[in-house]
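Please read the points below beside the sequence and the 3D view. They are meant for someone meeting this structure now.

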Amino acid sequence: MGMEGSKHQVLDYLRRHRGEYISGEELSRQLAITRTAVWKHIQALRREGYRIDAQTRRGYCLLGTPDCLYPEEVAVGLKTSWLGRQLYYYDEVGSTNQVAKELADNGAPEGTVVVAEAQSGGRGRRGRLWLSPPQKGIWFSLIFRPRVAPTQASQLTLLAAVAVAAAVRKYTGLPPGIKWPNDILLGGRKVCGILTEIKAEMDAVEYIVQGIGLNVNAEADDFTPDVRPYATSLFLELGRRVARLPLFQEMLYQLEKWYERWQEEGFEPVRRAWKEASVTLGREVAVNSWREVTTGVAVDIDAEGALKVRTAGGEVRRFTSGEVTL
Ligand code: BTN
């Protein structure tokens, strides 16, 4: 067993005896490692943010775990059966979407998740930047391999918004609104963005990488002045810090649940839930597609997730991509 493995065993043992003091001797005997090794692991765990009390004669006691998205923490109490069971963790990375695409290109299975405490080059839609300061949010990407045609892939972008909104609502009690296609708003400001990237043949999807960025404990100063008026975080909305770990687990659970439902029942349940949480439908909107800006009333989304807008002239236009201003 390597150093990392026995460190996890020390952590596991302390976790299973939470609140109790365990002697260095017991740990050394139970895990068949030296007491020096036990002490080294304790110090390493403390550097990772675990609060471990050490008392002469009594031993070690686990007092608290850090609010980090370590795979071994995520796995404890995770309710999914396949999503996030394969989890790649980074303290800092350029972009989790980039990493996920490389993994997918190399055959990573459906359900693989990449998460980072910070991103140095987080990317948003339309080539924009996504601010991802350390531990202020949940920055992660998922790999899906649905057996659908590329035209149906856009359904997955709406699905992700439905799942994340459900997790946020369940966990904070706040009422998230979805702006087409998949921005999640609180109090009219964006709290979460989703970047869906697809690799496909003409008639079949090879994989879809979905990158989700949720602002959790970001403060006003964490946003640049240009986005500050339009951005928010759970912290800013609730006035208190939010533990990221259980929220991340809930998001993975909701994503898996909705994905399975989509595969079994098709798009209709997703569409219904999306419409319920929508802040776009029924409103006067401006849609900026690549070529032009169209204004009108957002009337519906169709079976492919496209947005239908009725212009002043009464004509209904359909958008499969674009940027909506409310
Ligand atoms: C948007 O512009 O609304 C989409 C933002 C998506 C941000 C997430 S954070 C995790 C993943 N990695 C990235 O580089 N982007 C996505």
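The points that follow take up salt bridges and then a cavity.

1. This is a predicted model, in which local features need pLDDT of at least 70 and side-chain atom pairs count only at pLDDT 80 or more, while totals for chains, interfaces and linings use all residues. Residues are numbered from 1 along each chain as its sequence is written, and side-chain values use heavy atoms, with hydrogens and water left out.

2. Across the whole structure, 27 salt bridges are found, a salt bridge being a side-chain nitrogen of Lys or Arg within 4 Å of a carboxyl oxygen of Asp or Glu. One of them joins Lys-101 to Glu-197 at 2.9 Å, N to O. This pair links distant parts of the chain, 96 residues apart, with Lys-101 in helix H5 (residues 96-105) and Glu-197 in strand S8 (residues 189-200); helices (H or I, at least four residues) and strands (E, at least two) are DSSP runs numbered from the N terminus. Both Lys-101 and Glu-197 are buried, where buried means under 20% relative accessible area, exposed over 50% and partly exposed in between (1.4 Å probe, protein chains only).

3. Asp-300 and Lys-275 also meet through their side chains in a salt bridge of 2.8 Å, N to O. Because Asp-300 lies in strand S11 (residues 293-301) and Lys-275 in helix H9 (residues 268-277), the pair ties together parts that are 25 residues apart in sequence. Glu-268, Arg-271, Lys-275 and Asp-300 are linked in a network of salt bridges.

4. The largest cavity is lined by residues including Leu-131, Trp-139 and Asp-222; a cavity is a set of points on a 1 Å grid over the protein atoms alone where a 1.4 Å probe fits but cannot get out, and lining residues have an atom within 4 Å of a point.

Definitions and conventions:
1 Å grid on protein atoms, 1.4 Å probe; cavity = no way out; pocket = protein on both sides within 12 Å on 5 of 7 lines; lining within 4 Å.
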